[in-house]
Each structure stands twice: as C-alpha cells, then as structure tokens.
Amino acid sequence: MKNTILIFLGGLFPFSVLAGEIEWKVENPFRFIQDAQNDEFKIEKSQSTLDFVQQRMKDRNTAKFPPITSTQWIRDPSLSQRLPSGYAFPKTVLISAWLPKDILGVCEWRYGEFVEKRACNEKVTFNAQTQFGDMSKTFLSVNILESGKLIKEQIIVKDRLILGVGDSYASGEGNPDIPTVADPQKIDNLAKNNATRIISGRWMKYKDSWVQINAEWLDRQCHRSFFSQHILAGMKLASMNTKESITLIPLACSGAEVLDGVLISQANPPGGGRRVTESQLNAAIRYLCPSNTQLQSSKKYFHRVYTGGTVKVVGEKRLKCAGQIRMPDAILLSIGGNDVGFSPAITWAALPNGHRNFFGWSSVKLTNKFIKPICPKYTDQKLCQKNRPVAKDRVNNWLSSYYSDLATELLDAGMSQDGSNIYLTAYPNPSFIEDGKTLCSVKQSADVLEQARTQLPRIVRTGVWEIQITPSELQDINVGLIEPLYNKMKHNAEIHRWNFIDQHVNQTLNHGVCAGYHRDMTNFPIFPHVRQGEWYPQKPTEEWAFDVSKQRWFRNTNDSLLFQTDDTSGSINGAFHPDFRMHAFIADVLAEKIRQKWK
C-alpha cells in the first residue's frame, strides 16, 4: 500500500496526495528517428540487436528497410550542418503517462501548459521536460475529480548523448540501407548473350547492363548505414530504459584515419567528393556547442607519417566552444585500421608476387604502383622493402602517437574529462573458416576475391592471374597486423583510460569471410556467373543482401558489387567488412558495457 499524504490549504477541506502512483515512459526514446509514432524500426527491450536484424531482414520484405528518409540526418553532403540546430539539446521529449487500472472516473492532468481531462484509466501523451528544459514546469499533477484526490510527481526525462566516431568498421561499410536491385530483364539478357565477361565475373563492373536501382545509404558520401554498430548500439540502449531518451550523433566515415577524417577533414571519401566538409571532431564540437556564436577556431598541427617514413606536418582549424559544451555520455570509437594499412595488406596478399615473363613482370609492377599494397611484415619481396614501413612497424611506431593526439583533442574539446566515457572497439578477425581455427584456403579465397579482378585495368590481363590469398599469407597478416593491432589498441585504451571493447572478437572467429563457403559443383565458382545460358549458383535477382543463412559474417568482393553498386567508385569497398549481423553482435556488446557504466 503506497503512502498517502494529507495536505491542508487555508482551512479548506483536506484532500489526499498519492505519491508514486503515476506510470510513464518515453514514446520515442531513439531521437535520431524523427517520427515519434514510428515503431517499424525499433528494438524491443527483451530483444537482442542480433535477433532484431535477423528477424527483420530474413523474409526479404523491402518495406522493412531502415527509415533513412525519416531521421534527423540531413543527407546533403555539401552542408557543414548535417543535423538540425539544437538537436543535441532537446528541451522536451514526448512521453505517455497513465494511472493504475483500478482508478475510475475522470481525471484532470496538468504538466506545464498541458491541461487535459479524460477517463482516469486512459493514457495521456504530452511533452515532458529534459535536463535542458524549464525546471519550473517539471511537476505532473493528476486530479481525480470525483474524489478530490491529487496525485503529483516530478517528471524529468534524462537525455543521454552518444557520439559515434571512426572508420568503415563503424560507419557500416558493406551494408547499404537499401541494397542494389538487379534488373530481371537485363539479367536474362546477360544469360542469353553468354559473354566471356559473364563467365569471368567481370559483368558486375558494367552497372548499366544489370542494375535497376542503385544502392542507397543514410549517408552516401561516408557509406554510413543504419546497420552500423554505432547506430544499432544507440537503438539498443534506447530500448533498455523507458524513462530515458537517446540522442545519437553518428559521424564515422568509411576510409577515415585519425589524421584523415577524425582530427583532419577526410580526403576522397568512398561515396564521392574530394573531401568531407569538416573533420569528425569539428562536426561534433559544432553540434555540441550550445550556440554557433560561441564557436571559435584556432590552427592545430599534427605529425603524420607516410609510406617511406616521410613525416609531414598536417593541420587545419580546430573549433572550440566558448560556452559549456555538452559532454557525450558515451563516445563510440573505431579507428586505427586504416592508419596502419589494413586494406593495403589484404591487397598485398591477394595480388600475385611472381611472374612468368617480361609482360607479367611489367603488369605486376604497374599494378603494385597503382594499388600501393603494404606488406604485413618483412618478407623477401622487393615490394616489402619499397613500401616501408610494413604494417607491423606502422602499428608499433605510428599508432600510439595518433591515439595520443586523439585523446588530447577529445579532452581539450571538452568531450571527456578523463577518458572513461570513450569506448574503443577492437576489430573482428575475418581470417578463419567456420571452425574458428583454420585459415581460409586458396580456393575459398579465390571465390571471396573474384570481383577484385574486375577493378584492375584490363591491359594487365588479370584473367590469368591468381587473385587469391594463401593460408601462409593470412598467417602473415595475423602475425604482422591483426594481432599487433589488437594489442596496441588494448594497450592505448589502458593508457588513456578508455573502455576497450573486445568480447566479440573470440566469439565471432567462426564467422570469418570464408566460413561455410564451399563450392557446390566441381570447379564452379560461387560468385554469380553464366554457363551454357544458365546462372550459377543462382540468378543475381535471387541474391539477398541480408541472407541470415550464411555462416560468414563478413562481406566479400562479390557482395560489395552486387549489393552496393551505385554511381560512385566505392562499390568494391565493402569487401572484408562486417555484415549486418556482425555489426548487431558488436552493438549488443557495446550496449551492455555502456548500460553497466550508466547504472
């Protein structure tokens, strides 16, 4: 039985105040989605993020794609302000409130300017104050008119702020919100023509011959997707506490490095444009400063190292908020892989390191000059001596300095007091087959990498090349890059008092890029191709970007072209990146770690 408090006013009759009888919840806790009534893309409290994406996407219902046109994000990349003014400082949030079912009669509800009469057993909805609102208007009173009883409670919605910063593993690269749609008629025509390029897999390079609808992204320039671990983690956190709201600012961009994307504006993003308008840190400061009139700027300089060991001083204007900047409750961070050459190391393993004749030697040399692969560690290849330092030395000699610059800038900007609100996520390892122990075989990696051949100039006659990764090369990548990178990230997280998120790494080793990936027919590759007028293993129109039956949770080059082809040059970028399930799994780990800190 809840306590009843008797109050007397000026000699009038006494009436009862019942404390704690009011129930309420935030109607739209994930503020990044605009529509407060939009329940179509929402994680339930009892549901894991992984279950959410699998259940939602498995039935090929295109109506269930993420609501990329119903968010706070402004999709015009030419604008420096991509979120509405004041978005990070919500004064009110819509809530619903109700009384216990056994209270009958008519009730009068009052909260600030909100006044409404209705049956006591009905819910009411109104805008409640947050910590940025008017504190003089935070009391809700419910007058039960028949009995004269008054129920009163203070309601202030706590708004939590999450800032997402980083690279392609955080942006959602490889997972466009709306994947490319193949044209059935064009696909049938390709099968009838049975061209050589169809057999080789090069057909996907020719967009006009098979695409009906281009892939679409929440943010095309950065290949930012709703299926990213940062956005999904925000959605999951929004489901965990019905009396809080989540404000998410997702700024991760595919291809970003610490000094080319996070602290310096990023050059050549995958979705087009020579440069992103401003660095991720400057964008965050702009959104989290109470007023643009309080923004100041000064020049900041950093030392960036390049292939060959050349050190250059790079810099640009750094914004500073003269007012009280809003400090994020959590900064989600995924960065470091591009800084030390993860993608060029995969390229090193995929390309041939030998040749049979002068033309072959010239072709390999030309390709290496164009692609600029990076060896994970020193081998007897001349390339490893030329493109120095190798990845292992980049990890050991470069990364700590970059993380130190980042930590300093986040503290100076007022984003963090001591680093404890920063969550650095380890990169999942794509190297293994379904047992989580055996490295990808040559045949498996050849299928995984087939479409990489189409990105190389035809003049170098790549049709006779072995585009594949051997287990020994994968072992070199693990020993020279993946393991040192993990250790260096963990060490720097400890130094800067960041939270290091790595529980997912060992738990997902059996979902590598070659897991469950076996040829069904002798010598028939798994990528879509035509033989004797028939598509194998199935028609491209039957492929589904969100196939939950696959053991692998990483995209291959075939996935990249088939699902994220558009009018940009970044269609191959998704290879070796997590798919929607890996992002969801990491989001669950992130959300649980953050929830524990927020208790």
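Strand S16 (residues 330-334) runs parallel to S17, and three bridges join the two. One of these strands' residues, Leu332, has Tyr423 in S17 as its bridge partner. Strands here are DSSP runs (E, at least two residues) and helices likewise (H or I, at least four), numbered from the N terminus; two strands pair if DSSP finds at least two bridges between them. In general, strands of a sheet pair through backbone hydrogen bonds, either parallel or antiparallel.

The model is predicted: local features need pLDDT of at least 70, side-chain atom pairs count only at pLDDT 80 or more, and totals for chains, interfaces and linings use all residues. Residues are numbered from 1 along each chain as its sequence is written, and side-chain values use heavy atoms, with hydrogens and water left out.

**The open sheet**

S16 and S17 belong to an open sheet of five strands with parallel pairing, in the order S13-S10-S16-S17-S18. Strand S13 (244-250) and strand S18 (499-501) stand at the edges with a single partner strand each, so one side of each has no neighbour in the sheet. From one strand to the next, the twist averages 20°. Helix H5 (residues 229-240) packs on the sheet and touches strand S10 (158-166), S13, S16 and S17, and the direction of H5 makes about 175° with that of S13. Contact means heavy atoms within 4.5 Å; axes are lines fitted to C-alpha atoms, for helices over the stretch in contact, and angles run from 0 to 180 degrees between N-to-C directions.

**The disulfides**

The structure holds five disulfides, a disulfide being a pair of cysteine sulfur atoms within 2.5 Å. With bonded cysteines counted along the chain, the pattern is 1-2, 3-4, 5-6, 7-8, 9-10.

| Disulfide | S to S | Torsion about S-S | Hand |
|---|---|---|---|
| Cys289 and Cys321 | 2.1 Å | 75° | right-handed |
| Cys375 and Cys384 | 2.0 Å | about -85° | left-handed |
| Cys440 and Cys514 | 2.2 Å | about 115° | right-handed |

Cys440 counts as buried at 3% relative accessibility, and Cys514 counts as buried at 1%. Buried means under 20% relative accessible area, exposed over 50%, and partly exposed in between (1.4 Å probe, protein chains only). Cys289 is buried at 4%, as is Cys321 at 11%. Cys375 and Cys384 are both buried.
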